[in-house]
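Reader: I would like to learn how to read strands and metal sites. Where do we begin?

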Amino acid sequence: MKWMKLLLVSMKNNCHEMRSDEERSSDTDNIDSYSENNSCDGNDEECSSDPDNIDSNSGNNSCDGSEGCSSDTDNIDSNSGNNSCDGNDEGCSSDTDNIDSNSGNNSCEEMGSPEECSSDDNTEMDNMNDPKKRLRYLLRNWDAENPCPRKAGNDLLKILQDYKKDEKLPKDWQTIKVLPKKLKNFLNHESKEKCGGWYQYLGIKKNLSLMHELISSCIENTILLAFNTDGVQLTESSTNEFWPIYGKIQSGKPFLIALWYGHSKPNDFNEFFQDFVEEAICLEDNGICIRKKQYKFEIHFFSADTPAKAYSLMVKAPAGYWSCTKCRVKGQRIIRIIKKAKVGNRNKKGKLKNKLIKKGQKNKKLKDKVIRSNIHFISLNEESRSTSDYYNVANDCHDDDDDDDDRSDDFHKQFTILSNLRTLDLVKDVVVDEMHASNGTLKRFLNALLDGFVVLNKRIRKVINPKNKNSLSSLLVNLAFENYYPMEFARKPRSLKYLPFWKATEQRQFLLYTGVVLLKPYIPAMHYECFVMLCVSMRFLNSYDKYSDEMVTYAEALIEQFIQRAIELYGPTFVTHIVHILYHLPKDAARFGRIQKFSCYDFEDANFQLIRNVKSGNLPGKQAVERYLRKRFLCGVRQSKKIISKKTICVRDFYFQAGRPGDQFCAVSNNFIKIESIKKYGDEIKIFGRKFQQISPLFETPCNSKDFGIYKVEKLSSSLVSFSPEDITGKFYPIPIGEKTDKYGLIKQLHH
Ligand SMILES: [Zn+2]
């Protein structure tokens, strides 16, 4: 491990940058929204009554759910043009016309021109300040955040009208729900049939023109747009899917550019991306003017999970021989023959057995055996792919399911329309999706430990036996039960029994925090070191703002060692596409910063919100779009729903609370302290706690855990120390070790 030590020494000099506040806020957004997801669970029942009420109310004008309601809304809107919307409408009408005409001729410079935007905003402000209209606007924004059933809304309006007779309020709640003009502009492109489903294009410019605060902080007046797409299944009982195209700039939340709804997936991804690509090309050429300021426009990166990426780029699916989008590695097919009886023991219902039998297999000798075959990627350090290959693909495309592995490079299937984007490098800017790659790898690793694995057709026994699995699970449950997890994490640790259902954030919590302490006593050193290599490489790539060439080489070496060790222990079949692409993460980090910045967590959360917007089965796409517009642009800044007690303080976006184990551990210079009390003396806050007297690394092989913010601490001092919040240099996730009450594994918190 000499190279590691050498690299670590040089790295220590280079990389002590801490996370910037800006990035922290993006993380917080993510967690806030997750915490909101949890806290909203209880409201679901309330929400579900919404469509029912609307249905029952609107039954006489045949509007079941969204379509009916929105047509209803449109009617109300046209009728209510005389009331308090007047000013607003007028302010926006010129904007609408311009946007509409622009959508045809792509004259980007006129889009969202500053005068129009500001007049629109000013009118909105005027209405908010007008005491006769203010209540109506407050109700509209409240409804956007907490959709109110029509009947309940009508009753509320009656009460308010009796109580405040001088307020100008409508009689029907649907009038409150009317989209303001600035949002109706989004729907200028009418929904249509496209790629075998329903499709609505909202646009890039229309979204950006309403995000002037975020855009005004763009560096060098350049808007860098990241975009993403993925299939989102609406319900488990159907194959109906949403395929959204999201955009994202800087640390902002994702915004919806287009939405497709249909069975399965769009039947032509070039057509699916056509409107987006046309508008993006126009913006690349002409830039965009927002509030009298001209901005350049570039594509920052494209992220998607591996199947969505393959569809979008028109390349081989992840199970193909030449499926890596970053390098020219050729996969190998490894066929494993397993005795059916052994597999059968693992599944009493026999479902798995049937799935594993290869189609058309008639050999009687193999009747009692099952065959598994997958593509695996053993080789690393292969030649990088070239963007020019995408442009020369027209004469070089192959059939979809051609499995001829003798071809030199059977990667491109068809020309992709995304290659028309001038500022998108189809190799370097199509990032590895860290969320699916690292979590997918963790799941493969845990499954190998818990279920056993096969090397050279020989089944290897489970590394963690059922008894130890139960012990590990109870440790995880105890962490949740005794609040040994930071309040910033919305999800509590769960038992390994629920491993197939662990959400992405739960998997990340195990990979980066809890796993490294909990697994140690339960698995042999070789397996533990393998896990450590995965854990520290992902922690390393989540820790810094910039990555030098040396740091990239180091991270690649760590991941390479992890892959080599995994092959040694679990056989070559371990390294599927999802494990292989981990090796390309460091180069993406060198280009875009810490992996959290370009992972799919935010987009995944946006997908969850999109599904929640659908309340009935009638035109789900239209419902999702309209509710998205309301929530995104009428709700204002969402407040965190965390309840912060008097004993809690916030230091650089990390929360500390005396008495809650998960939020009591911090570092002050080189000491680790357990906070016992937080006291306020006027404006001054003083924190009191006890120091740990023994600090050591949790592990020293294959590297020193201290270099990755992982420590073992014990022996609390008997005397109290006091310090100020400004003295705190980091927050730590505590995991008790053994029976002792003052011995912990402390892991530096990287996420909010
Ligand atoms: Zn590769």
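Author: Begin with a strand pair: E4 (residues 232–233) and E5 are antiparallel and share 2 bridges. Strands are DSSP runs of E, at least two residues long, and helices are runs of H or I, at least four, numbered from the N terminus. Two strands pair if DSSP finds at least two bridges between them. This is a predicted model, where local features need pLDDT of at least 70, side-chain atom pairs count only at pLDDT 80 or more, and totals for chains, interfaces and linings use all residues. Residues are numbered from 1 along each chain as its sequence is written, and side-chain values use heavy atoms, without hydrogens and water.

Reader: Which residue of E5 is the bridge partner of Val232?

Author: Phe242 is that partner. Phe242 also stands opposite Tyr261 in E6. E5 and E6 (residues 255–263) run antiparallel, joined by 8 bridges.

Reader: How many residues of strand E5 are buried?

Author: In a regular strand, side chains alternate between the two faces of the sheet. Buried means under 20% relative accessible area, exposed over 50%, partly exposed in between (1.4 Å probe, protein chains only). In E5 (residues 240–249), 10 of the 10 residues are buried, so the strand is largely enclosed by the rest of the structure. Phe242 lies on one side, and Trp243 on the other.

Reader: What are the protein donors of the zinc ion?

Author: Donors are N, O and S atoms within 2.8 Å of the metal (3.2 Å for Na, K and Ca); water is not among the atoms, so sites may look incomplete. Here they are Cys324 (SG), Cys327 (SG), His580 (NE2) and His584 (NE2). Cys327 and His580 are both buried.
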